[in-house]
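Q: I am new to this structure and would like to learn how to read it. Please take me through its features one at a time.

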Amino acid sequence: MLRGTLKFHPKQRPFRSSDLFGLVFKGLGAAYFTRKGFLSHSFCVHLHAFRQFQHTMLQPTDYTINANGRLIDLSRPQVMGIMNVTPDSFYAGSRKQTEREMAERANQIVAEGGTMIDVGAFSTRPGAPQVSEQEEMERLRRGLAAVRREQPGAVVSVDTFRPDVARMAVEEFGAAIINDVSEGNVNGAFGGTRGPGAEAEQTGAGGYPAMFRMMGRLKVPYILMSVKPGVSEMLAAFSAEVQQLRDLGVRDIILDPGFGFGKTLEQNYRLLAHLDRLHALRLPLLVGVSRKSMVFRLLGGSPDTALNGTTAVHTLALARGAAILRAHDVREAVECVKIYTAMADAG
């Protein structure tokens, strides 16, 4: 259910008088001002109008998702804690293999203030070995069982690009959200172009991707991640994909711009700078930058040393309208949200 206004942010550079005209003209509409008429008004009137419009830029996107009957208000940013039940995820500190480790991680995410637990059993690290669907399911069953035992009321998201894995997670364990990092591609985020043999499996009846059809059946919130390198391509693709999902009856859609997926270091930061443009689609944004190479390649170091840089990027993402931070370090991400929202509320 979408209500209210969207969040927009001015460019981070010195303000110019032409910006004032552009912002007020855009905010109040062409019918209100002509350039000649605008210049004939007193500066105080214009400044007052700009301040009124500036106030609307501080309002968060008002969007609520239904996660197994629990309404989650995304007008206040939320934190999704990462739980990897894999032996080879890029950040070694996130790998949980034993039942005890999985249980401790589930409890830690909730204790530190995470709203959602995102469980993944297939490493999307470039160069990681492929895992069969059966192996992915077996890993997930162990992890999801531990989460349900320790935190039966938790909102659980499952990170998978495979339709049958998504169905298992929802039907057997009540997973509330499916987090698809492939943009609907059955070959995965790094599956490359879709060959002739995979095309029938990919699209099937009606030309809809198999994962999209599964989401239409499961009726749970869906995180749609982009592997496109730039915002313009992303907006075009997202627009078409969201329409397909709507056609199939998927109500709750969260957009993930896919930091680190199919993008160079420069493209990642260009995306961050223009993240607010994705609000044109009027859907909540998830940002997943936790300890990724876009942080440690810029600063030097490794995933183990990337916490401080991650927090900096989280803050910038919140300023550009991120609704969910997907993070390894839940406490730090929650503190980042608290500080940011205190500042936003004070303004």
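Q: Over residues 1–60, what does pLDDT do, and how many contacts beyond four places in sequence does the model have for them?
A: pLDDT is the predictor's confidence in each residue, on a scale from 0 to 100, and contact means heavy atoms within 4.5 Å. Over residues 1–60 pLDDT stays under 50, and the model has 70 contacts beyond four places in sequence for this stretch. Residues 191–200 also have pLDDT under 50, with 10 such contacts. This is a predicted model, in which local features need pLDDT of at least 70 and side-chain atom pairs count only at pLDDT 80 or more, while totals for chains, interfaces and linings use all residues. Residues are numbered from 1 along each chain as its sequence is written, and side-chain values use heavy atoms, leaving out hydrogens and water.

Q: What is the average pLDDT of the chain, and where is confidence lowest and highest?
A: The average is 80, and 73% of the residues score at least 70. Confidence is lowest in helix α2 (residues 35–40), with a mean of 40, and highest in strand β10 (residues 286–287), at 98.

Q: How many helices and strands does the chain have?
A: Helices (H or I, at least four residues) and strands (E, at least two) are DSSP runs, numbered from the N terminus. The chain has 13 helices and 11 strands. Of its 347 residues, 52% count as buried; buried means under 20% relative accessible area, exposed over 50%, and partly exposed in between, with a 1.4 Å probe and protein chains only. Among contacts between residues at least 6 apart in sequence, 68% join residues at least 24 apart.

Q: At what angle do the axes of α5 and α6 cross?
A: Two packed helices are described by the angle between their axes and the distance between the axes. Axes are lines fitted to C-alpha atoms, for helices over the stretch in contact, and angles run from 0 to 180 degrees between N-to-C directions. Helix α5 (residues 133–150) and helix α6 (residues 163–173) have axes that come within 10 Å and cross at roughly 25°. The two helices are therefore roughly parallel to each other; that term covers angles under 35 degrees, with over 145 roughly antiparallel, 65 to 115 roughly perpendicular and the rest oblique. The crossing of α5 past α6 is right-handed. A crossing is right-handed if the near helix is turned clockwise from the far one by less than a right angle, and left-handed if anticlockwise.

Q: Which residues make the contact of α5 and α6?
A: From α5 they include Met137, Leu140 and Leu144, and from α6 they include Asp164, Val165 and Met168. By class, this contact has eight nonpolar, no polar and six charged residues. Ala, Val, Leu, Ile, Met, Phe, Trp, Tyr, Cys and Pro count as nonpolar, Asp, Glu, Lys and Arg as charged, and the others, Gly among them, as polar.

Q: Is Val147 buried or exposed?
A: Val147, in helix α5, is buried, with a relative accessible area of 0%. Beyond four places in sequence, Val147 is in contact with Met83, Ala106, Ile117, Val119, Pro152 and Val156.

Q: What is the phi of Lys219?
A: Most residues other than glycine have a negative phi. Lys219 has a positive phi, near 60°, and lies in the loop between α8 (210–218) and β8 (222–225). Arg282, not a glycine, has a positive phi of about 60°; Arg282 is found in the loop between α10 (265–273) and β10. Lys219 is partly exposed at 43% relative accessible area, and Arg282 is partly exposed at 38%.
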